[in-house]
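User: I have a new model open and want a quick tour. Can you walk me through it?

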Amino acid sequence: METAKILIYDGSFNGFLTTVFKAFEERLQIADIQSNAICQNGLFSETETVFTQMDKAKRVWNGIQAKSNVAIKNIYFSYLSGQRGIELILYRYIRKLFAKMPTSTSDFSDSLVLKISQLAKSVGREKHRMEAFVRFQLTQDGIYFANIEPDFDVLPLISKHFRSRYADQEWIIYDVKRKYGLYYNLKSVEIISLDLQEVYGNSIRKNDTFSGEEYAYQDLWNDYFKSTHIKSRINRKLHTQHVPKRYWKYLSEKKQAV
């Protein structure tokens, strides 16, 4: 009987797809698929490191996409959820897609299909929230900077939106939870890592990192936001549903609320 293996990859999505390719090509018994950052040995399993190969990752991507555009989107979004054990869950989902009698992506009576669909929707909601709630602050260097702290790793999903919307200015969006960010230099978007001494939120206390013009603009925006409120129509429960409190510390219009 073949011993089940734990496949270790580099933690990237292309690395995961390469691992899926290897598992299919060699018809391996898979006990788990783990990132090398958090790998744990199984008591009765062998481990093997899989090195990312873009050609193999692309073949898996194209193969899934040929099966279903819905499936490839759900897989990518679910992967970005970062949920513990998501790699093995996605591997089993992919196996179902390529079975002799493949599972439909809309068959929600299948618990695995339902789970992947729900995860993808949650990540999609977080993507849209980040696109709406990012607040840039102009630094002394002339770069627009924003901290975010999303529940899921949505930076890869929001890059296109901000590159299109703010194409004429340099900006950085930094995920303080995952310690990496996106930097747009007017030509391309790069992945960066920063050694931040503090997290820049919507504090009333001014910081020398940002320009005086930026704080004048924030005060203007905050005054406008307060002046448009109609007290008799305030529905705080509905408001917090649309703008959850966990985002308030990065919203300039919420300076008085946090």
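**Walking through the fold**

Analyst: Among contacts in the protein chain between residues at least 6 apart in sequence, 67% join residues at least 24 apart. Keep in mind that this is a predicted model.

User: How many helices and strands are there in the chain?

Analyst: The protein chain has 8 helices and 8 strands.

User: And what share of the residues counts as buried?

Analyst: 43% of the 258 residues.

User: Let's do helix packing. At what angle do α2 and α3 pack?

Analyst: About 130°. Helix α2 covers residues 54–67, helix α3 covers residues 69–79, and their axes are 5 Å apart. Angles over 145 degrees would count as roughly antiparallel. At about 130°, α2 is therefore oblique to α3.

User: Which residues make that contact?

Analyst: From α2, Trp61, Ile64 and Gln65. From α3, Asn69, Ala71, Ile72, Ile75 and Tyr76. By class, the contact of α2 with α3 has 6 nonpolar residues, 2 polar ones and no charged ones.

User: What about α3 and α4, how do they cross?

Analyst: At roughly 170°, with the axes coming within 10 Å. So α3 and α4 are roughly antiparallel to each other.

User: Ile75 keeps coming up. What does Ile75 touch?

Analyst: Phe13, Ile64, Leu90, Tyr93, Ile94 and Leu97. That leaves out residues up to four places away in sequence. Ile75 is in the α3 contact with α2, and also in the α3 contact with α4.

User: Now the core. Which residues touch the most other members of the largest nonpolar core?

Analyst: Phe16, Ile30, Ile64, Ile75, Tyr93 and Ile173. That core has 51 residues.

User: Which helix gives the most to this core?

Analyst: Helix α4, residues 86–97, with 8 residues.

User: Which domains does this core draw on?

Analyst: Domain 1 (5–125) and domain 2 (134–254). The core takes at least three residues from each. A second, separate core has 7 residues, among them Tyr174, Val176, Tyr183 and Ile192.

User: Switching to single residues. Where is Trp171, and is it buried or exposed?

Analyst: Trp171 is in strand β6, residues 171–175. Trp171 has a relative accessible area of 0%. Under 20% counts as buried, so Trp171 is buried.

User: What is Trp171 in contact with?

Analyst: Leaving aside neighbours within four places in sequence, the list for Trp171 includes Phe136, Ile143, Tyr144, Phe162 and Tyr166. Also on the Trp171 list are Ser159, Arg163, Leu182, Tyr183, Tyr184 and Val189. Val189 is 18 residues from Trp171 along the chain, and their C-alpha atoms are separated by 9.4 Å.

User: Where is Val134?

Analyst: In the loop between α5 (111–133) and β4 (137–138). Val134 is buried, at 8% relative accessible area. Setting aside neighbours within four places in sequence, Val134 is in contact with Ala146, Ile148 and Phe162. Val134 and Ile148 are 14 residues apart along the chain, with C-alpha atoms separated by 7.0 Å.

User: And Lys22, buried or exposed?

Analyst: Lys22 counts as buried, at 14% relative accessibility. Lys22 is in helix α1, residues 13–25.

User: What does Lys22 touch?

Analyst: Leu7, Arg27, Leu28, Glu48 and Val50. Residues up to four places away in sequence are not counted.

User: Last topic, backbone. What is the phi of Lys179?

Analyst: About 60°. That is positive, although Lys179 is not a glycine. Lys179 is in the loop between β6 and β7 (180–184). Its relative accessibility is 58%. Over 50% counts as exposed, so Lys179 is exposed.

User: What about Leu186, where is it found?

Analyst: In the loop between β7 and β8 (189–192). Phi of Leu186 is near 80°, a positive value in a residue other than glycine. Leu186 counts as partly exposed, at 44% relative accessibility.

Terms used
Residues are numbered from 1 along each chain as its sequence is written. This is a predicted model: local features need pLDDT of at least 70, side-chain atom pairs count only at pLDDT 80 or more; totals for chains, interfaces and linings use all residues. Side-chain values use heavy atoms; hydrogens and water are left out. Axes are lines fitted to C-alpha atoms, for helices over the stretch in contact, and angles run from 0 to 180 degrees between N-to-C directions. Helices (H or I, at least four residues) and strands (E, at least two) are DSSP runs, numbered from the N terminus. Angles under 35 degrees count as roughly parallel, over 145 as roughly antiparallel, 65 to 115 as roughly perpendicular and the rest as oblique. Contact means heavy atoms within 4.5 Å. Ala, Val, Leu, Ile, Met, Phe, Trp, Tyr, Cys and Pro count as nonpolar, Asp, Glu, Lys and Arg as charged, and the others, Gly among them, as polar. A nonpolar core is a set of buried Ala, Val, Leu, Ile, Met, Phe, Trp, Tyr and Cys residues joined through side-chain atoms within 4.5 Å. Buried means under 20% relative accessible area, exposed over 50%, partly exposed in between (1.4 Å probe, protein chains only). Domain bounds come from an automatic or database domain assignment.
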